[in-house]
Amino acid sequence: MPTGTFFRLPEEKRTRLMDAAWEEFSATPYAKVSINRIIQTAQIPRGSFYQYFTDKEELFLYMMEDLQSGLKEKLSQCLEQAEGDLFRLPMLVMDWAEGSGGQLDPQIKRFAQIAFMNQGTDVFQFLPRPERLLPDDMRDKVNTAGLRRSDPEFLDDIFFFAVSAMCCTLMEILRAPERAQTLRERLRERTELLRLGCVKTG
């Protein structure tokens, strides 16, 4: 976690530092991220940075935890909007992520850019690994009517496949925004395939 000194900074200076950090981590593979570039962009002394964060890893962990918290909150809101239907969740998140005018939401864009810049590297290894991907508070909102099973493991698997398909689509849209509509339709088809494999038959 950042030091208390960081949280006591004026909001403008704290925002300037974090904007510079997001700019660097979104455009550079983690291994090549430069603290020097961050502090130059943020216009703060090098010594000041180390009063806020121990190193690059601590800064990145703080950024990822903040991003993770924001995305989890949005996923929970979208699940509520979907009336607990996990198969509707990916498209509702996509609607939010793309926003008006087809511009990716800043949170989603940051997540996609960092994942894209670090393909083949588990940059999210710094984050704690929960036993379940689907948080308990979200699981309580899931509508299990019609599903073959309703145990936590099964719901976790559905959530994993639904969110994985959505994340892949977002990364493809970031790479080829002109194909956004086609990619959305492919996501819809994949989600329907997932639904068919999870609902009761007969």
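Colleague: Does Gln-43 count as buried or exposed, and what makes it so?

Modeller: Gln-43 counts as exposed because its relative accessibility is 63%, and the term exposed applies over 50% relative accessible area, with buried under 20% and partly exposed in between (1.4 Å probe, protein chains only). Please note that this is a predicted model, in which local features need pLDDT of at least 70 and side-chain atom pairs count only at pLDDT 80 or more, while totals for chains, interfaces and linings use all residues. Residues are numbered from 1 along each chain as its sequence is written, and side-chain values use heavy atoms, with hydrogens and water left out.

Colleague: Where does Gln-43 lie, and what is its phi?

Modeller: Gln-43 lies in the loop between helix 3 and helix 4 (46-52). Its phi is near 60°, a positive value in a residue other than glycine. Most residues other than glycine have a negative phi. Glu-83 also has a positive phi, near 55°, and is found in the loop between helix 5 (56-81) and helix 6. With a relative accessibility of 61%, Glu-83 counts as exposed.

Colleague: How many helices and strands does the chain contain, and how are they assigned?

Modeller: The chain has ten helices and zero strands. Helices (H or I, at least four residues) and strands (E, at least two) are DSSP runs, numbered from the N terminus. Of the 202 residues of the chain, 44% count as buried.

Colleague: What makes helix 6 roughly parallel to helix 9?

Modeller: Helix 6 (residues 89-98) and helix 9 (residues 152-175) pack at an angle of about 30°, with their axes 9 Å apart. That angle makes helix 6 roughly parallel to helix 9, because angles under 35 degrees count as roughly parallel, over 145 as roughly antiparallel, 65 to 115 as roughly perpendicular and the rest as oblique. The axes are lines fitted to C-alpha atoms, for helices over the stretch in contact, and the angles run from 0 to 180 degrees between N-to-C directions.

Colleague: Which residues make this contact, and how do they divide by class?

Modeller: Helix 6 contributes Leu-89, Pro-90, Val-93, Met-94, Ala-97 and Glu-98, and helix 9 contributes Phe-159, Ala-162, Met-166, Thr-169, Leu-170 and Ile-173. They divide into ten nonpolar, one polar and one charged. Here Ala, Val, Leu, Ile, Met, Phe, Trp, Tyr, Cys and Pro count as nonpolar, Asp, Glu, Lys and Arg as charged, and the others, Gly among them, as polar.

Colleague: What makes helix 7 roughly perpendicular to helix 9?

Modeller: Helix 7 (residues 106-117) and helix 9 pack at an angle of about 85°, with their axes 10 Å apart. That angle makes helix 7 roughly perpendicular to helix 9. Among the residues in this contact are Phe-111 and Phe-116 of helix 7 and Cys-167 and Leu-170 of helix 9. By class, the contact has nine nonpolar, one polar and two charged residues.

Colleague: Why is helix 2 called oblique to helix 7?

Modeller: The axes of helix 2 and helix 7 come within 7 Å and cross at roughly 40°, and that makes helix 2 oblique to helix 7. In this contact Asp-19, Trp-22, Phe-25, Ser-26 and Ala-27 of helix 2 meet Arg-110, Gln-113, Ile-114 and Met-117 of helix 7.

Colleague: How do you know how many disulfides there are?

Modeller: A disulfide is a pair of cysteine sulfur atoms within 2.5 Å, and by this rule the count comes to zero. Cys-78 is in no disulfide, and the nearest cysteine sulfur, that of Cys-167, is 13 Å away. The sulfur of Cys-167 is 7.1 Å from the closest cysteine sulfur, in Cys-168, and is therefore too far for a bond. Cys-78 is buried, with a relative accessible area of 2%.

Key: Contact = heavy atoms within 4.5 Å.
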